[in-house]
Amino acid sequence: MEMPEVIPICYCGNPAKLNMSWSNDNPGRRFFECKKFSNGFQKPCRFFSWFDPPLTPHARVVLLGLLKKVKTLEDARKREEKLGF
Ligand SMILES: [Zn+2]
């Protein structure tokens with residue numbers, strides 16, 4: 001993953017963390033959020049900022065199709081593992 005040139009500073013004063021969205025609306029779209037998000041001890045601030053521009057409807061359909069394909073393959077692999085192949 002290429003790194004952004006400019007990392008925004010979140011409300012806590014820390015450099016924000018780049019994450020990827022897997023929602024149906026924004027598959028694969030990257031965004032910045034508070035670094036503390038995954039830390040259970042500290043409450044993250046509400047900083048949120050998109051890094052990638054919005055997906056076009058076409059790109060969204062293509063990406064969702066690909067994600068579905070990957071998931072189908074993975075499910076098949078898991079089934080095979082269970083069967084002991
Ligand atoms: Zn923060």
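1. Of the 85 residues in the protein, 21% are buried, where buried stands for under 20% relative accessible area, exposed for over 50%, and partly exposed for what lies in between, with a 1.4 Å probe and protein chains only. This is a predicted model, in which local features need pLDDT of at least 70 and side-chain atom pairs count only at pLDDT 80 or more, while totals for chains, interfaces and linings use all residues. Residues are numbered from 1 along each chain as its sequence is written, and side-chain values use heavy atoms, with hydrogens and water left out.

2. On the overall layout, the protein has 1 helix and 3 strands, and from the N terminus on these elements run β-β-β-α. Helices (H or I, at least four residues) and strands (E, at least two) are taken as DSSP runs and numbered from the N terminus. Of the contacts between residues at least 6 apart in sequence, 37% join residues at least 24 apart, a contact being heavy atoms within 4.5 Å.

3. The 3 strands form an open sheet in the order 1-2-3, with antiparallel pairing, and two strands are said to pair if DSSP finds at least two bridges between them. Strand 1 and strand 3 stand at the edges with a single partner strand each, so one side of each is left without a neighbour in the sheet. The twist from one strand to the next averages 30°, with axes fitted as lines to C-alpha atoms (for helices over the stretch in contact) and angles running from 0 to 180 degrees between N-to-C directions.

4. The two pairings can be followed residue by residue. Strand 1 and strand 2 pair in the antiparallel sense over 4 bridges, and here Met20 stands opposite Arg30 in strand 2. Leu18 also lies in strand 1 and, at 14% relative accessibility, counts as buried; its C-alpha atom is separated by 6.7 Å from that of Arg30, 12 residues apart along the chain. Strand 2 and strand 3 pair in the antiparallel sense over 3 bridges, with Phe31 opposite Trp50 in strand 3 and Glu33 opposite Phe48 in strand 3.

5. Which residues of strand 2 are buried on its two faces? Arg30 and Phe32 are buried on one side, and Phe31 and Glu33 are buried on the other, so that both faces of the strand are covered.

6. The structure holds 5 aromatic pairs, counted where rings of Phe, Tyr and Trp (its six-membered ring) have centres within 6.5 Å, with planes under 30 degrees apart called stacked, over 60 edge-to-face and the rest tilted. The rings of Phe48 and Trp50 have centres 5.2 Å apart and planes at 85°, so this pair is edge-to-face. Phe48 is partly exposed at 44% relative accessibility, and Trp50 is partly exposed at 33%. Together with Phe31, these two residues form one aromatic cluster.

7. How many salt bridges does the model contain? The count comes to 4, a salt bridge being a side-chain nitrogen of Lys or Arg within 4 Å of a carboxyl oxygen of Asp or Glu. One of them joins Arg30 and Asp52, at 2.9 Å from N to O. This pair links distant parts of the chain, since Arg30 is in strand 2 and Asp52 in the loop between strand 3 (48–50) and helix 1, 22 residues apart. Both Arg30 and Asp52 are buried.

8. Asp25 pairs with Arg60, their closest N and O atoms being 3.5 Å apart; Asp25 is in the loop between strand 1 (17–20) and strand 2 (30–33), and Arg60 is in helix 1 (residues 57–83), 35 residues apart. Asp25 is exposed at 53% relative accessibility, whereas Arg60 is partly exposed at 30%. Arg77 and Glu81 meet at 2.8 Å, N to O, and, being 4 residues apart in helix 1, are separated by about one helical turn. Arg77 is partly exposed, with a relative accessible area of 41%, and Glu81 is exposed at 51%.
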